[in-house]
Amino acid sequence: PAQLPNPLLTLEKVQAGYGDTIILRDIKFNLVPGSRIGLLGRNGAGKSTLVKLLAGELNAQAGVVALNPGISLGYFAQHQLETLDVQATPLQHLQRLDPIATEQQLRDFIGGFGFSGDAATALVGPMSGGEKARLVLALIVYQKPNMLLLDEPTNHLDSTMREALVYALQDFDGAMVIVSHDRHLLRTTVDEFYLVANQHVEPFAGDLDA
Ligand code: ATP
Ligand code: MG
């Protein structure tokens, strides 16, 4: 048989929740290189909880979460908007990540995320939620992590920016897990679905619109 690729991340018999509350039980989940997974499920089902586990933001109550050594991950969730430096500009955020790149290279990149011209050098402080989300996503994509974990990345995005994100994700060749109620985003970027329901995570092969 063909050899299976080494998983980037493995969950084995994982239980997770908050305090005494159990949200996910007996979860088995492997993320292999190249997989593009969409997570479906109702409000409160535990999708964000699963992504927090994958991102290492939440510790499992039981079981094993193993991230392969040397694997880098980019994690987007709404609370990441608060990690931005309100006193800095989009260009400065990129320069901190990559001090060697030329200003033009960084401007070309950030322009693709809606920060062209003066927008690249405007302070983050007064930006809208959508603008901050764009910047956080741009910073994550710029670092080319081995895997992307995106929790509702298009929440605040207008249709132009949503398309820009779709293009960026189609170009991205690492693994990704996307939680979204945005059917268009899922259809255009993801090829495998899992449903989070009844404290479990199951492969989903049904109709996305059902
Ligand atoms: P949505 O589609 O609304 O984003 P979700 O599938 O992402 O839902 P989660 O955010 O994972 O759902 O929440 C699952 C359950 O865990 C919910 O009942 C929620 O109230 C609870 N929960 C989430 N975060 C916490 C927290 N920090 N402390 C306590 N309970 C929490
Ligand atoms: Mg959620």
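Predicted model: local features only at pLDDT ≥ 70, side-chain atom pairs only at ≥ 80, totals over all residues.
A residue counts as near a molecule if one of its heavy atoms lies within 4 Å of it. Residues are numbered from 1 along each chain as its sequence is written.

**View 1. The surroundings of ligand 1.** The residues around ligand 1 include Tyr18, Ile23, Arg42, Lys47, Ser48 and His181. Look for polar contacts here (pairs of N or O atoms within 3.5 Å). An oxygen atom of ligand 1 is 2.9 Å from a polar backbone atom of Gly46, and an oxygen atom of ligand 1 is 3.2 Å from one of Ala45.

**View 2. Helix α3 meets helix α4.** Residues 103–111 form α3 and residues 129–142 form α4; the two pack at about 120°, with axes 10 Å apart. That makes α3 oblique to α4 (angles under 35 degrees count as roughly parallel, over 145 as roughly antiparallel, 65 to 115 as roughly perpendicular and the rest as oblique). In the contact (heavy atoms within 4.5 Å), α3 supplies Leu106, Phe109 and Ile110, while α4 brings Leu135, Ala138, Val141 and Tyr142.

**View 3. Helix α2 beside helix α4.** Here α2 (residues 90–97) packs with α4 at about 25°, their axes 11 Å apart. The two helices are therefore roughly parallel to each other. Pro90, His93, Leu94 and Leu97 of α2 meet Leu135, Leu139 and Tyr142 of α4.

Definitions and conventions:
Chains lettered and ligands numbered in written order. Heavy atoms only, no water. Axes fitted to C-alpha atoms, helices over the stretch in contact; angles between N-to-C directions. Helix = DSSP H or I, 4+ residues; strand = E, 2+ residues; numbered from the N terminus. Polar contact = N/O pair within 3.5 Å; in protein donor to acceptor, adjacent residues only side chain to side chain.
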